[in-house]
Amino acid sequence: MTARVRILYFASVREKVGRDAEEIELPDGVGTLAALRAHLAGRGGAWAEALAGERALRAAVNQEMAAPTAAVRPGDEVAFFPPVTGG
Amino acid sequence: MKILVQREDFDPGAEITALARDAAVGAVASFVGLVRDENDGAHVGAMTLEHYPGMTEKAIGAIVEEAKRRWEVRGCTVIHRVGQLKPGDRIVLVAVASGHRHDAFAACEFIMDYLKTRAPFWKKEQTAEGERWVEARASDDVAAARWQEAARKAG
């Protein structure tokens, strides 16, 4: 099991942060979606703008919609995206 | 159950005919969503649909399974297009085959309402003023939530 998590970005979030995917080491103390989002927003600039707490974002862990309190573990695939608009 | 996410167009008539081959099917209800040429006061020249490959199919599959728990569903086809689409183009097909119309109508509307709020698709419109991401509508959340209300009442 890798200690890394794969993070995907979609739609307006992808455009704002300028990438569609990355792999990072899960920092100590980052064990939930909310904590990971705050960690990424802490990069500042476009990251803060795209992932700041007041923005209505959705997230998934291992391809299932997940709440901010959901656990994130090494090896997980996490995704951040705006509310969906299909159909 | 047939779930497809594809760039190509689809033939609603052929899909409905295929669902009707089961002799126990007495009703097929279907919904076809199309690209409109106007949204929020702007002319829409084209639209691009992005999705989350892998999760999209799983999310739609989970919605269809939930529909099967609630109603008698003998067959179901969901096709959602991605990529660039023009006004008048078909975006989505939901077709449900049941023994009787009530189950087919209800399951079809349920799947569509849940797809709108749970399946990871995003629309970007090209208008005369430039490109813009379509904003999620609160009315779609309300439409999906009323099925939870209905389930609670049914107990």
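How many residues of chain B are in contact with how many residues of chain A? In this predicted model, in which local features need pLDDT of at least 70 and side-chain atom pairs count only at pLDDT 80 or more, totals for chains, interfaces and linings use all residues. Residues are numbered from 1 along each chain as its sequence is written, while chains are lettered from A and ligands numbered from 1 in the order in which they are written.

Contact, defined by C-beta atoms that are placed from the backbone and lie within 7 Å, links 22 residues of chain B with 14 residues of chain A. On the side of chain B that touches chain A, at least two residues each come from strand E4 (42–51), helix H2 (55–70), helix H3 (101–118) and strand E8 (121–127) of chain B, helices (H or I, at least four residues) and strands (E, at least two) being DSSP runs numbered from the N terminus. The most is given by H3(B), with five residues.

Helix H4 (residues 138–154) of chain B, with 17 residues, reaches 25 Å from its first C-alpha to its last, close to the 24 Å expected at 1.5 Å a residue, the expected span being 1.5 Å times one less than the number of residues.

In chain A, five strands form an open sheet of mixed pairing, in the order E2-E1-E5-E3-E4, where two strands pair if DSSP finds at least two bridges between them. Strand E2 (21–25) and strand E4 (64–65) of chain A are the edge strands, each pairing on one side only. Strand E3 (residues 58–61) of chain A pairs with E4(A) in the antiparallel sense over two bridges, and A:Ala60 has A:Met65 in E4(A) as its bridge partner.

Conventions: Two residues are in contact if their C-beta atoms, placed from the backbone, lie within 7 Å.
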